[in-house]
Amino acid sequence: PGDHLFLTGVSVRKNKDGTPVGPGTVKVYDKSTLEEVRELSIPHGSAVALQWHPKINQLFVGAQMGQVHVLYDTKQSEHGI
C-alpha cells in the first residue's frame with residue numbers, strides 16, 4: 001500500500017497434525033526506516049500470499065489452511081466486501 005511501505009506474511013508453528021498453533025500475522029514496515037509500523041492478525045494459520053489492489057485500496061491475504069481474507073478500511077477503501 002503506497003510506495004513507502006512493504007508487507008510480509010509471518011509463519012506460525014504447527015501441531016503434529018499440521019494445524020496451526022495460533023493466528024498468522026502480516027507485518028507492515030516503513031521502507032525508509034525498516035521499522036515495523038503495524039501488525040495485522042490473520043486467523044487460520046500462516047499468511048502465505050499477499051496481494052494489494054491499489055484501485056479499491058484492499059489487501060487480500062491467502063492463509064495456510066486455504067482461506068482468503070480481505071482487509072480493508074471502511075472509510076478509505078472503495079466497494080468494501
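Which residue in β5 does Trp52 stand opposite?

**Before you start**

This is a predicted model, in which local features need pLDDT of at least 70, side-chain atom pairs count only at pLDDT 80 or more, and totals for chains, interfaces and linings use all residues. Residues are numbered from 1 along each chain as its sequence is written, and side-chain values use heavy atoms, with hydrogens and water left out.

**Stop 1: the whole chain**

Show the protein chain as a cartoon. It has six strands and zero helices. Both are DSSP runs numbered from the N terminus: helices are H or I with at least four residues, strands are E with at least two. Along the sequence the pattern reads β-β-β-β-β-β. The C-alpha atoms fill a box of roughly 40 × 30 × 15 Å along the principal axes. Of the 81 residues, 27% count as buried. Buried means under 20% relative accessible area, exposed means over 50%, and partly exposed lies in between (1.4 Å probe, protein chains only).

**Stop 2: the sheet β1-β2-β3**

Select β1 (5-10), then β2 (residues 24-30) and β3 (residues 36-42). They form an open sheet in the order β1-β2-β3, with antiparallel pairing. Two strands pair if DSSP finds at least two bridges between them. β1 and β3 are the edge strands, each pairing on one side only. Neighbouring strands here are turned by 20 degrees against each other on average, direction ignored. Axes for such angles are lines fitted to C-alpha atoms, for helices over the stretch in contact, and angles run from 0 to 180 degrees between N-to-C directions.

Zoom in on β1 and β2. They pair over six bridges in the antiparallel sense. Pick Gly9: its bridge partner in β2 is Val26.

**Stop 3: the salt bridges**

Show the side chains of Lys27, Glu36 and Glu39. A network of salt bridges links these residues. A salt bridge is a side-chain nitrogen of Lys or Arg within 4 Å of a carboxyl oxygen of Asp or Glu. The structure holds two.

- Glu36 to Lys27: the N to O distance is 3.4 Å. Glu36 is partly exposed, at 39% relative accessible area.
- Glu39 to Lys27: the N to O distance is 3.2 Å. Glu39 lies in β3 and Lys27 in β2, so this pair ties together parts 12 residues apart in sequence. Glu39 is partly exposed, at 42% relative accessibility.

**Stop 4: the sheet β4-β5-β6**

Now select β4 (47-53), plus β5 (58-63) and β6 (68-72). This open sheet of three strands runs in the order β4-β5-β6, again with antiparallel pairing. Its edge strands are β4 and β6. β4 and β5 pair in the antiparallel sense over six bridges. Click Trp52: it stands opposite Leu59 in β5.

**Stop 5: the largest pocket**

The largest pocket holds about 400 Å³ of space. Of its 15 lining residues, those closest to the centre are Arg38, Leu40, Trp52, Tyr72 and Asp73. A pocket is found on a 1 Å grid over the protein atoms alone, as an open set of points where a 1.4 Å probe fits, with protein on both sides within 12 Å along at least five of seven lines; lining residues have an atom within 4 Å of a point.

Colour the lining by strand. β1, β3, β5 and β6 each supply at least two residues. The largest share, three residues, comes from β3.

Conventions. Grid points are joined across faces, edges and corners, and a volume is the space filled by probe spheres set on the points.
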